[in-house]
Amino acid sequence: MQGIAVGVGEAMSNKRQKPFFFRVARQVRERLRIARPKQQHAYAGAVLHAANAPHPVHAVHSAHPASAASHAHGSSAVAGAVPPTTEHAEQVLPLPSNDNPTPPDISPAPPPSNKPPKSFLRRLWGWFKLLFWLCLLTVIAVLSWLVWHETHDSHYQAQYFHEHARQATFSLGDGASKAIRFPASSPFDERLGYANLPEFLTKLRQKDFDIVKQARISPKMAEIADMGLFIPYREKTQVGLDLADCHQQTLFSVRYPERIFPSFEAAPSLLVKSLLFVENRELLDTHYPKRNPAVEWDRLAKAVLEQAANGFSGERKTAGGSTLATQIEKYRHSPEGRTSNIKDKLRQMVSASLRAYQGSEETLSARRQILLDYLNTVPLSAKPGFGEVNGIGDGLWVWYGRDFQDSTQLLTKAESVDGNAVDPQAALVYKEALSLMIAQRRPSYYLGDPDSDLEQLTDAHLRLLAANNVITPQLRDAALQARLASALKTKPATVPNQSFVTRKAVTAMRTHLSNLLGDSRLYNVDRLDLSVVSTINAEVQQSITSVLRELRDAEKAKAAGLQGKGMLGNGDPANVVYSFTLLERGDDANYLRVQTDNFDQPLDINDGAKLDLGSTAKLRTLVSYLDIVGNLFEKYQGMDAAALKVEPVDPKDKIKQWELDYHQHTEERDLPAMLQAALERKYSASTGEGFFTGGGMHYFGNFNASDNGRIMSVREGLRHSVNLVFVRLMRDVVHHYMFQSPGSSATLLQDVDDPRRAAYLSKFADREGKEFINRFYPKYKGKTPEQAEKILLQNLHPTPNRLAALYQTIAPDASFAQFAAFVKENLPSQNELSNEKLERTFTQHAAQNMSLADRGYVARVHPLELWVVGYLRKNQNATLAQVVAASAKERQEVYSWLFSTHRKHAQDKRIAGLLEVEGFLEVHRQWKRMGYPFDSMVPSYASALGASADRPAALAEMMGIIINQGQRKPTYRITSLHFAQGTPYETLVQRAPGKAEQVLNKDVAQALAGVIREVVSS
């Protein structure tokens, strides 16, 4: 009988390390026994007898040395054995056989361990840790899947952004809106006028326009705007000024950019594929209809990592992560069209997302629109003669001289090769278009610098596009052989010329519009998102323009009866310029219906020229004369003969003398009769008298020599346009304004011995000085030094001394070089003065060598006017109160000559000149009430003959005052302005009802209308 001793012991010395999952499985198996009570017992082993066994029986024994010893001595039992643990190792022992009849001896096992069993809580904690890690791994896996899926499908983004964007709405309501947000300054919003709308509306309100309709935005849109995001709405691709006539017929319409692809299908697919490869490859992927077009996550992650790496090295070039959607937000709405920081980038991404999901959760159509908008509006710098360039269509036209339709056909032709050779012209156009896509990264450098590397960069992109099967190898090779022309030297394709004559009304309306908005550049006005309704009647305008153009032909002029005595002679009628202005009288305003001329140049004769209009000047002089008569009538009509006799009057005030005499000798106080008597006053037409005016002695002649030496009435003088009658009439008008009140300068000089003279003159100087400061300040407020100089010089006959006195007053700190440049620039001949004489003149007229009054006298300009110009030159933002306060000393200095009594003859001459200037200031004030267009006039009697110039449009306005019985009604050229139609900034403004101003006595206006009819009929 054979037996086997089986025992279990520790196997510490030669145990084999199990794999990890076996060890984990053993731990799990042991923890499954937690519910059983653990039993401690001694395992003594067993002896198995297998005599006659058909197969050998294997026994398990310990590899402990003691076991080996027992085996050597033939022991048949093992004492002290313990149950196997994880630290025990098992070995298979050979069974006894005939060759080895003695079973192995098994040594006793070590004593049982005293280590306490694991508690229930510790086992539970172990299970909890295992479960936690399993759940964490599951969550990470699920989140990873969701993130991967969301970056491709954008399912949750679509829900979130669409929910917010669909609530961002706006509507148009009556009156001004409190629920509106205007955008900050940015390229797109400034060019279209959205950012400047608050300023525009403020200026329009000041000019009698009211807001009748304005957009109201929803609370959600207001919330988005207040967060600093760009308001989501469907933005316009093409914008520009629309100008309509009074019947809503189009007068003028312009769109920028001018050349665009009208739809996604109209854009050449070759252009689309190339743009997608260069800028945004996943944009039109149709597998994910809800994909967010604002983010390409792989490119964004790469850009972020490269930016982070660049933060350490500071030298690596990093790729941009912008999509076409965020690029559009950037160049349209970010300040200066740039991304300054991460906040700007996030604003662009969120704003682009809101805009993309506004229509629906699916973005396929929105993504196509994004690509189309980019092609049509991408900024491509600016070029002299054209201005800002936007879009591939305008870019090809401006930078490469390509016709848009031809370019589109060639791009389509370049794509359909079918193995044939590519048309070289088509390949060149494609290369030019591709170069513009590349140049948008640095357009001013690539397109504005002829030495830029745009050619090399475009060639590199051609090779890359062909390598990725975007274009064919044939197109690549043909484009590589072509060479880009210098964008700066290429002229845009020609546009048919349009006659200036046909655009006169449009130009006048645009100019008037620019004045209303406070922007003098028609370039900016034409690019506003604005529709304007004017008062012009386009049909009548066109008809009259055609007639005026026909008068350039001799036969047409003869047929019109324009040839004859005192009219057209044998000269060329084509050299005669005709202008026509038609105003329609309304209940509350005058409406400009026609404004045209036949002068085929940009200058508008009616409203933009400065013409010497002699007959118009005579009429203005007559208006001033009869206005004085009417005012004196109101003053004296209630006085009796005794009071009239003691009324003070200066001997030189002829009008007042005649008025008093008329009242004393006429019992019937009737203004119309008195006005007719005033028209019958006699004046000499003699040319023999000299007139001291304008700072010198002047002589005048008549248009018709037969009138010389005649004495005629004012009425007859107007009818025959006799110059000397109106020169003398203007002298009487000026003298009246000089001596019209007891406190005037001339009256004060009469009584030299008055003890109150000094104090009174001081008060007079202060009062008069303030009045002149109040007149001069608005004239020069806001003007640049160059503009102020131009105003001063426009009515000045330049001489070296006058220019020196003027410049030394307005620029006392200027150097001699600046002084010499000013004098030489404004003298008729630059060689008139030598440097030595210039230096003497410079020293002589310096402030330390000549008083302010003397310099004003020499310059023939009121000294306080010179001082105001000089003060505002140094203090451009000074208020009127500050100017008045600063001029206290100068006001006294200007009138200091009133205090001196020696050299009376020289003083009287100087006083006469200054008093004449003061008199002409009053004449100018009266002319301005009657619509005179300029801010100053020549202080000379020659102004009665047209020396102060005028404009046909101003004459029409004066005639309107006369016809409207002395009421000056506002003249309307524009009735409504509609800003930003169809946007959250939409605003409609209209003219408020006109307010007429009575600027002329009604009876005076009727008398003037009667005498004008006499002139026309004769």
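The structure is a predicted model, in which local features need pLDDT of at least 70, side-chain atom pairs count only at pLDDT 80 or more, and totals for chains, interfaces and linings use all residues. Residues are numbered from 1 along each chain as its sequence is written, and side-chain values use heavy atoms, with hydrogens and water left out. The pLDDT is the predictor's confidence in each residue, from 0 to 100. Its mean over the protein chain is 82, and 80% of the residues reach 70 or more. Over residues 1-18 the pLDDT is below 50. Beyond near neighbours in sequence, that stretch has 63 contacts in the model, a contact being heavy atoms within 4.5 Å. Residues 34-102 also have a pLDDT below 50. Their contacts beyond near neighbours in sequence number 134.

Helices (H or I, at least four residues) and strands (E, at least two) are DSSP runs, numbered from the N terminus. Strands of a sheet pair through backbone hydrogen bonds, either parallel or antiparallel. Here two strands pair if DSSP finds at least two bridges between them.

Three strands form an open sheet in the order 12-13-19, with mixed pairing. Strand 12 (579-585) and strand 19 (971-972) are the edges. Each has a single partner strand, so one side of each lacks a neighbour in the sheet. Strand 13 spans residues 590-597 and pairs with strand 12 in the antiparallel sense, over seven bridges. A hairpin of four residues joins strand 12 to strand 13. Within this pairing, Phe-580 stands opposite Thr-596, and Thr-581 has Gln-595 as its bridge partner. Strand 13 and strand 19 run parallel and are joined by two bridges. Asn-590 stands opposite Thr-971 in strand 19.

Burial was assigned from relative accessible area (buried under 20%, exposed over 50%, partly exposed in between; 1.4 Å probe, protein chains only). Eight of the eight residues of strand 13 are buried, so the strand is largely enclosed by the rest of the structure. Helix 21 (residues 538-550) lies across strand 12 and strand 13. This helix runs at about 30 degrees to strand 13. Axes are lines fitted to C-alpha atoms, for helices over the stretch in contact, and angles run from 0 to 180 degrees between N-to-C directions.

Strand 7 (residues 241-244) has partners elsewhere. Four bridges join strand 7 to strand 11 (residues 530-534), and the two run parallel. Leu-241 stands opposite Leu-530 in strand 11. Strand 7 runs antiparallel to strand 8 (residues 250-253), with three bridges between them. Leu-243 stands opposite Phe-252 in strand 8. The hairpin of strand 7 and strand 8 has five residues between the strands. In this hairpin, Gln-248 takes a positive phi near 65 degrees.

Helix packing was examined next. Helix 23 (residues 614-636) and helix 40 (residues 952-963) pack at an angle of about 35 degrees, with their axes 11 Å apart. Thr-616, Leu-619, Arg-620 and Val-623 in helix 23 meet Ala-954, Leu-955, Met-958 and Met-959 in helix 40. By class, this contact has six nonpolar, one polar and one charged residues. Ala, Val, Leu, Ile, Met, Phe, Trp, Tyr, Cys and Pro count as nonpolar, Asp, Glu, Lys and Arg as charged, and the others, Gly among them, as polar.

In helix 18 (residues 473-481), Leu-475, Ala-478, Ala-479 and Leu-480 are buried. The buried residues of helix 18 pack against helix 8 (269-279), helix 14 (404-415), helix 15 (424-439) and helix 17 (454-467).
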